[in-house]
Amino acid sequence: MSANKVSSPAREFWERFTTNRFATAGLIIIAVLFLLSLAAALVTPYSPDTIDAWHVLLPPSTAHWFGTDELGRDVFTRVVYGARVSLKVGFVAVGIAVVVGTVVGLFAGFYGGWIDSVLMRLVDIMLCFPTFFLILAVIAMLEPSIWYIMVIIGLTGWMGVARLVRAEVLSLKSRDFILAARVLGASDLRIIFRHVLPNALSPVLVSATLGVAGAILTESALSFLGIGVQPPTPSWGNILTSGKDYIEFAWWLSLFPGLAILVTVLSYNLVGEGIRDALDPRRRG
Amino acid sequence: MANYLIKRILMLIPLLLGITLITFTVIHLAPGEPVEMQTAMSPKVSAQSRARLREFYGLDKPLHVQYAKWLGNLSRLDFGRSFAPDNRPVLDKIKERIPITISLNVIALILEFGLALPIGILAAVHRDTLLDRAISFFVFVGFAVPTFWLALLCMYFFGVKLSWLPISGIHSLGSEQLPFFGRVLDLAKHLVLPIAIATFGSLAGLSRYMRSTMIEVLSQDYITTARAKGVKERVVIYRHALKNALLPVITLLGFSLPALIGGSVIFETIFSIPGMGQLFYQGVMARDYPLVMGILVIGACLTLIGNLLADVSYALADPRIRHGKG
């Protein structure tokens, strides 16, 4: 770093993050995916739901990079449009989980006593359920909708964040700067959100990034089972459903959407690990 | 130790109550009723007979009354009768499905630990070498592979392309006629893929965890002391370090249970295995309330038991708790 550059925590973090080649690659892949899915109509000449009875189940070719499906739709186009679903689900579901988890963790840790006991027992109880069972039960009872899916994945995934935030708050609570704020007459809410929260956020950031990966996997599994995103809207999971039905004749229907999930989830995990390493004071060189 | 056990078991009571409460709330707050599923098909069903059906199932009562009644029945291990046409007791239906799911998951769990622990130790001992990097790469890919997709690919390669293994069910047609050994072989052939997939699903997480606890232990002072005394590296790793690195892994055993059970929905549906996961999926699709609630409660209780066993074995293994007041 040159001497005349101002060194801020954010810049230091960024410099450490970008020295990690894998994490940087992950970030670039995610950015490209976002751009591709937003500019889907420019990327491909086909529309995701035009049925073409003359070109059914064609293997990959220069006209159809990923082949066509059982209704003659271009698989590459459907994978690109399907990215919208996966990226959206990841963000919104984890957003909900982080907000709920952070609020629960903040209040449990800050107030302690019976509030803490009640909230943490709730966390214990929620952690007992096989999450996928719980999600399946609720989703199947509701009208199929991508919004429900995001909300349910979020509401069943906040417990880890709550525990993390609570632990951070407990260690911050007795620090001098909190005492100072209290002496200055700051209210509980001001202390919680102005002074405690910003200091407890870094572990949350890591777990949120890894959570996005988990949410994408869950959504694709739900869509694969036929209770997630409903056709004709393409999602990586529901393309794989027809992949299963035609597995004997059309391997490309199974291969490409799965690879898309794999690459996306891998990228988020790499970015998550990169953030963890960049934030970890023990690894600062 | 006895105190610790008693405390631990008493703590289960509020958790059990909470599990039933959440199960009940989740199922009953969702819109849509089983009566609708049964009547929607035939428009001839009158409002009266619909009301009679609701009354028959007790759905006309206020929610807290329904909950109290359900909870009372649960305490006598009565999970009610299935809404499906066969109308059999839920517990019977679950009982005949549980053995296959549990045995699949136990085998997968044993394989998972048997493979993940050595992999994790290997990576930790050879930290930052090419071997460690290769293992890390495998672990990251393993984390990201959707299990159902892997199942599809395996079905394609081993089932369709090579036709080495059957890809659905747990018996071949006419396998009853085979001699005992033949039947066992037939069953084993059907289970190879599902077990392999279930194992692979959680291999990555566990080996990563093992690696990081092992690295942490290897940096402790007593390891340096042992090495300084001239203890052989093999003894340092397998005698001194491993014991302590294994402790936190025990707790993970309990935690991995809900994930495994949850995962069984996916692979049992894909491979058409008649286990609890498949039963749950069918129950959910048919809005079979008593069955869905029964499996949710039993699934959560299995996790509870798993956690208890893990905690107790942790306490037994850790002298600080074993000899302390707990």
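Two residues are in contact if their C-beta atoms, placed from the backbone, lie within 7 Å. Keep in mind that this is a predicted model, where local features need pLDDT of at least 70, side-chain atom pairs count only at pLDDT 80 or more, and totals for chains, interfaces and linings use all residues. Residues are numbered from 1 along each chain as its sequence is written, while chains are lettered from A and ligands numbered from 1 in the order in which they are written.

**Exercise 1. Work out what chain B brings to its contact with chain A.**

Step 1: start with the head count. Chain B puts in 41 residues and chain A puts in 36 residues.

Step 2: find the helices (DSSP runs of H or I, at least four residues, numbered from the N terminus). On the chain B side, at least two residues each come from α2 (12-29), α7 (130-144), α8 (147-161), α11 (233-270), α12 (276-285) and α13 (289-317).

Step 3: sort by class, with Ala, Val, Leu, Ile, Met, Phe, Trp, Tyr, Cys and Pro as nonpolar, Asp, Glu, Lys and Arg as charged, and the others, Gly among them, as polar. The side of chain B that touches chain A then splits into 33 nonpolar, seven polar and one charged.

**Exercise 2. Describe how α4(A) and α8(A) pack.**

Step 1: get the geometry, using axes fitted to C-alpha atoms over the stretch in contact and angles from 0 to 180 degrees between N-to-C directions. Helix α4 (residues 75-111) and helix α8 (residues 159-173) of chain A meet at about 35 degrees, their axes 7 Å apart.

Step 2: assign the hand, which is right-handed if the near helix is turned clockwise from the far one by less than a right angle and left-handed if anticlockwise. Here, the crossing of α4(A) and α8(A) comes out right-handed.

Step 3: check who's touching. Among them are A97(A), G101(A) and L106(A) from α4(A), and M159(A), R163(A) and L170(A) from α8(A). By class, this contact holds 13 nonpolar, four polar and three charged residues.
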